[in-house]
Amino acid sequence: MIFLLQYYLCGLIIKPDNLLPWALFANMFGILEHINCYHIQLMIDNRSDLDYCLMNKKLKTASLAKEMRM
């Protein structure tokens, strides 16, 4: 929703002299962070995470998602 509003306010074009690219980056980062914390763990930051992904052929469930199910 925010992305569409920003795109509309910039005249429906992406200009290099405006802040739209930074806004897009910030919005995408926020979306990925939400997914990483509350759904699946997108970040593989240690050997055990890598081993889990290679063994199970899928990403791990996020810790907060596990705790919220209980």
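Start at the N terminus and walk along: the elements of the protein chain run α-α-α-α. That makes four helices and zero strands, where helices (H or I, at least four residues) and strands (E, at least two) are DSSP runs numbered from the N terminus. Keep in mind that this is a predicted model, where local features need pLDDT of at least 70, side-chain atom pairs count only at pLDDT 80 or more, and totals for chains, interfaces and linings use all residues. Residues are numbered from 1 along each chain as its sequence is written, and side-chain values use heavy atoms, with hydrogens and water left out.

Of the 70 residues in the protein chain, 16% are buried, meaning under 20% relative accessible area with a 1.4 Å probe, protein chains only.

Now look at helix 2. Its 19 residues reach 27 Å from first C-alpha to last, close to the 27 Å expected at 1.5 Å a residue; that expected span is 1.5 Å times one less than the number of residues. Buried residues in helix 2 are Leu20, Ala23, Leu24 and Asn36.

Next comes the loop between helix 2 (20–38) and helix 3 (47–56), which is where you'll find glutamine 41. Is glutamine 41 buried or exposed? With a relative accessible area of 18%, glutamine 41 counts as buried. Setting aside neighbours within four places in sequence, glutamine 41 is in contact (heavy atoms within 4.5 Å) with Asn36, Asp49, Leu59, Lys60, Thr61 and Ala62. With aspartate 49, there's also a side-chain to side-chain polar contact at 3.0 Å, that is, a pair of N or O atoms within 3.5 Å, one able to donate a hydrogen and the other to accept it, where residues adjacent in sequence count only if both atoms are side-chain atoms.

Methods
Buried means under 20% relative accessible area, exposed over 50%, partly exposed in between (1.4 Å probe, protein chains only).
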